[in-house]
Amino acid sequence: MKPGIELLLLDVDGVLLDYQRSVRVRHLAHSLGVDGTRVQQVLFESGLETRYDSGVTATAAYLRALSEGLQAEVSEALWIQARVAASRPREDVVQQILTLPAAVRIGVLTNNGALMAEVLRALLPALCDRVGEGLLCSGALGGRKPDPALYQRALQHLQVTPSRTLFIDDLFTNVRGARQAGLHAETVRDGRSVGRVLKRHGLR
């Protein structure tokens with residue numbers, strides 16, 4: 001391991017998971033007996049999801065607003081089920097992370113509200129065990145990537161300095177925000193590119 005890198009900080013959708021928003025919308029629509037177009041409008045087009053992901057709206061208020069908008073009760077359990085149904089682990093990436101030396105700390109930073117932590121625990125139990133308290137959702141931190149302040153708050157929580165952190169994401173805008181916050185940061189697309197980044201930074 002290259003001296004200086006203490007923490008590997010990972011994005012979720014597009015790195016650890018493949019996510020299909022349309023599947024999530026259909027799952028909610030079918031479960032609630034409502035029109036999918038209405039789910040799309042209330043959840044996404046209204047800005048409700050973004051407000052939740054940013055920490056502007058707390059979980060209880062978010063679910064209440066979603067339920068009122070759809071005129072059907074959306075419980076935490078149903079929300080999690082829909083998100084799980086729409087997400088598929090990238091096993092090749094996950095296995096690479098799990099086989100890193102124990103000296104490499106692992107963290108997760110995702111642009112999602114706090115309920116996403118339960119989705120990750122359901123889909124990636126072994127990885128979440130290793131991550132421990134390093135499982136961070138943007139909503140719980142009060143911001144969204146690529147805001148440099150969000151990365152700074154995440155690292156304060158993890159008690160790691162930016163110069164000793166490597167962040168990987170599939171979106172360059174988020175990588176750029178991390179670099180502005182002083183982190184080492186790389187864009188990845190698939191398991192092969194993740195492997196190259198890990199090797200380049202001496203983590204494997």
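The model is predicted, and local features are given only at pLDDT of at least 70, side-chain atom pairs only at pLDDT 80 or more, while totals for chains, interfaces and linings use all residues. Residues are numbered from 1 along each chain as its sequence is written, and side-chain values use heavy atoms, with hydrogens and water left out.

## Pockets and cavity

Grid points are joined across faces, edges and corners, and a volume is the space filled by probe spheres set on the points. In the classes of the table, Ala, Val, Leu, Ile, Met, Phe, Trp, Tyr, Cys and Pro count as nonpolar, Asp, Glu, Lys and Arg as charged, and the others, Gly among them, as polar.

| Site | Lining by class |
|---|---|
| Largest pocket | 3 nonpolar, 6 polar and 11 charged residues |
| Second largest pocket | 7 nonpolar, 2 polar and 2 charged residues |
| Largest cavity | 8 nonpolar, no polar and no charged residues |

The largest pocket has a volume of about 400 Å³. Its lining counts 20 residues, of which D13, D53, N111, N112 and R144 are the closest to the centre. Two elements, α1 and α3 (48-53), each give two or more residues to this lining, and α3 supplies the largest share, 3 residues; helices (H or I, at least four residues) and strands (E, at least two) are DSSP runs, numbered from the N terminus.

The second largest pocket holds about 160 Å³ of space, and its lining includes A114, R121, E133, C137 and H157. Here α7 (116-123), β5 (135-137) and α9 (138-141) give two or more residues each, with β5 contributing the most, 3 residues.

The search of the whole structure finds 1 cavity of 30 Å³ or more, and the largest cavity has a volume of about 40 Å³. The residues around the largest cavity are L16, V108, L120, L124, L127, C128, V131 and L135, and helix α8 (residues 125-131) gives the most to this lining, with 3 residues.

## Cysteines

With a disulfide taken as a pair of cysteine sulfur atoms within 2.5 Å, the count comes to 0 disulfides.

In helix α5 (residues 76-85), the buried residues are L78, W79, I80, A82 and R83. The elements that cover them, by contact of heavy atoms within 4.5 Å, include β2 (17-19), α1, α3, α4 (59-70), β3 (87-89) and α7.

Helix α12 (residues 191-200) has G191, S193, V194, G195, V197 and L198 buried, and these residues pack against β1 (7-10), α6 (91-98), β6 (165-169) and β7 (184-187). At the start of α12, a side-chain oxygen of D190 comes within 3.3 Å of the backbone nitrogen of R192, while just after the helix G202 takes a positive phi of about 75 degrees.

S22, in helix α1 (residues 21-32), is partly exposed at a relative accessible area of 38%. The C-alpha atoms of S22 and G191 are 24 Å apart in space, and the two residues are 169 apart in sequence.

## Backbone features

Most residues other than glycine have a negative phi, and most peptide bonds are trans. Q71, in the loop between α4 and α5, has a positive phi near 55 degrees and counts as exposed at 75% relative accessibility. Q159, found in the loop between α10 and β6, has a positive phi near 60 degrees and is exposed, with a relative accessible area of 71%. A cis peptide bond joins K145 and P146, with omega about 15 degrees, and P146 lies in the loop between α9 and α10 (148-158).

Key:
Buried < 20%, exposed > 50% of the residue type's maximum accessible area, 1.4 Å probe, protein only. 1 Å grid on protein atoms, 1.4 Å probe; cavity = no way out; pocket = protein on both sides within 12 Å on 5 of 7 lines; lining within 4 Å. Polar contact = N/O pair within 3.5 Å; in protein donor to acceptor, adjacent residues only side chain to side chain.
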